[in-house]
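Hi,

Here is the structure I promised to pass on. Have a look at it, and then read my notes below.

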Amino acid sequence: MGTAKLNHIAIASDYYAMNALYYQALFGLRAAKNFRPARAQVVSDGVVGMNIVPRRDGRCSGLDHFGFEVEDIEDTIDKITKFDSSLVAIKRPPVRPYAAFSGHDPDANIFDISQRGIGFQEDVYAEKLEPTTRHFDHFALRTLHGERCAQFYSEVFDMTPLNKKFDDDNYYLTDGNMTLAILQWKMEDFADMDPQRLGPDHIGFKVESVDKVMEDLDDLTGQNPHLRARSIGYGMEGEARLDMFKKCPLGTGHLTDIEGVYIHLNEE
Amino acid sequence: MPSLINHVAIMSGNYALESKFYESMFGMKNSPKARPTRAVSIGDGYVGMNINPRRAGRPARLDHFGIQVDELASKVKDLESRGLTVLKRPDTRPFAAYSTHDPDGNVFDLTEAGGANMKDVYTHNDWDQERTISHIGLRTMNAEKMAEFYAEVFDLKPSNQVPEGAYGLTDGRMTLIILQWDLNDYAGGGIVGPGLDYIGFKVKDMKAFKAEVQDIADNNPLIAPAPIGTGPEGAKRLEMLQRTSIGSFHMSDPDGILLDIVE
């Protein structure tokens with residue numbers, strides 16, 4: 001197993017404060033003691049941090065990117081350019097609690113790069129937080145050149161490929177805790193619904209019981225209707241989208257956050 | 001005959017409000033045949049804009065564009081011969097008969113002139129108005145190749161009004177501006193992946209337009225433009241937009257979608 005850890009997820013959101021509360025309420029994610037209220041809301045399962053970033057001008061609202069913590073950033077950037085000399089990584093403004101650099105894979109899927117113990121990390125990334133019972137399990141992206149991207153993450157971040165069914169054209173790579181699911185983007189998958197561009201697709205949580213999470217969601221909606229999930233699977237097109245989501249084999253429960261970001265539940 | 005770039009689509013968590021913004025600021029019109037249960041479709045007399053409610057699993061953003069061709073069957077064959085998949089769409093769509101993508105994975109819709117599938121504003125989008133959609137900006141991994149693709153397949157002509165280093169293809173009225181997506185452009189701010197970047201509008205009188213924007217925002221803060229250019233990161237993003245667009249005034253819609261305004 002490699003030393004790079006996929007330990008950062010970012011969502012850009014029109015309702016970032018409320019969405020952070022949703023993840024805290026339903027999954028027990030924790031905020032840092034020393035959080036910065038003027039910026040993104042950052043929550044964590046004790047290992048993986050998730051930044052819920054206010055949507056800015058020119059940005060999309062949705063699941064946005066992910067990030068790796070590595071032992072040596074320079075070495076990682078060398079590996080990226082060795083893989084493909086046209087790929088670049090750029091230094092980020094120092095206000096970020098996690099990202100020191102950002103880069104992209106051959107299909108332009110964006111990721112952040114951070115370094116353990118480098119000194120600039122803030123918020124949940126700087127504090128040791130107790131692990132939560134419900135925790136992040138996978139991050140899925142849908143991309144045009146699945147095989148090449150899988151090769152990229154395996155070579156650059158030493159992620160280990162997981163076994164898959166012989167007729168599955170997706171790729172699954174693990175860092176020992178989190179799985180990166182690289183789903184093959186195909187136009188034909190979008191028959192009966194609106195086609196979606198390449199990019200991040202969903203996040204996965206490992207939970208003690210899918211039924212218990214659904215029960216808790218029902219209770220949460222009753223307590224605070226602002227913290228309710230979006231409906232999924234309704235109508236012919238909703239059903240087609242849900243069927244497509246269900247093709248990811250890494251979970252059995254399906255729901256969304258308050259803005260519609262797909263959440264996959266994988267029972268322990 | 002060149003095809004027409006006459007469809008733009010936005011996904012929004014505030015889709016009804018977004019429509020009021022474009023109707024108020026640019027005089028875009030809804031259709032008397034509108035279907036209230038679905039997306040809002042508004043038009044400027046040439047380009048139709050669908051503002052679709054954000055659905056589960058989908059981001060909110062400037063999402064895709066659409067092209068009207070004289071004859072669909074041969075165009076579908078041409079695209080398939082290039083190894084691209086062309087999908088027939090559910091018949092509830094007011095514009096799209098088919099959807100496909102360019103070799104970089106940018107999704108676009110296809111329809112046929114006078115097609116039986118057309119609904120809402122697309123059945124009568126033929127009036128004159130002062131403020132119109134004039135261009136869209138697309139950032140992509142292989143800009144030069146994509147420009148060749150759109151020019152060849154849709155017989156679009158090179159435009160003489162393009163930002164430096166970009167490719168502009170026009171149907172005579174609407175221009176598709178194809179920009180090279182480069183991570184280095186995002187140094188100093190938030191990063192956005194490849195895809196549609198901004199919508200361009202042409203206005204007759206910029207001074208009057210700016211005054212009206214202010215007046216509308218003062219009267220109804222819910223449809224005020226979201227701020228742009230604020231703080232060091234906002235300033236960088238605005239500078240990038242200014243450098244890679246053709247307008248002299250820049251603003252955003254209430255969701256933060258960037259608009260490039262040309263007089």
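Predicted model: local features only at pLDDT ≥ 70, side-chain atom pairs only at ≥ 80, totals over all residues.

How do the two domains of chain B meet? On the domain 1 side, 30 residues are in contact with 29 residues of domain 2 of chain B. The elements of chain B that each put two or more residues into that side of domain 1 are two strands, β1 (4–12) and β5 (61–69), and two helices, α1 (15–26) and α2 (72–81). The largest share is that of α1(B), with seven residues. Sorted by class, the side of domain 1 of chain B that touches domain 2 of chain B holds 16 nonpolar residues, plus seven polar and seven charged ones.

Then there's the other chain. Which parts of chain B touch chain A, and how many residues take part? The count is 40 residues of chain B in contact with 40 residues of chain A. On the chain B side, the elements with two or more residues there are β7 (98–101) and α5 (231–243) of chain B. Of the elements, α5(B) gives the most, namely four residues. By class, the side of chain B that touches chain A has 19 nonpolar and 15 polar residues, along with six charged ones.

Cheers

Technical notes: Residues numbered from 1 in each chain as written. Chains lettered and ligands numbered in written order. Contact = placed C-beta atoms within 7 Å. Nonpolar A, V, L, I, M, F, W, Y, C, P; charged D, E, K, R; others polar.
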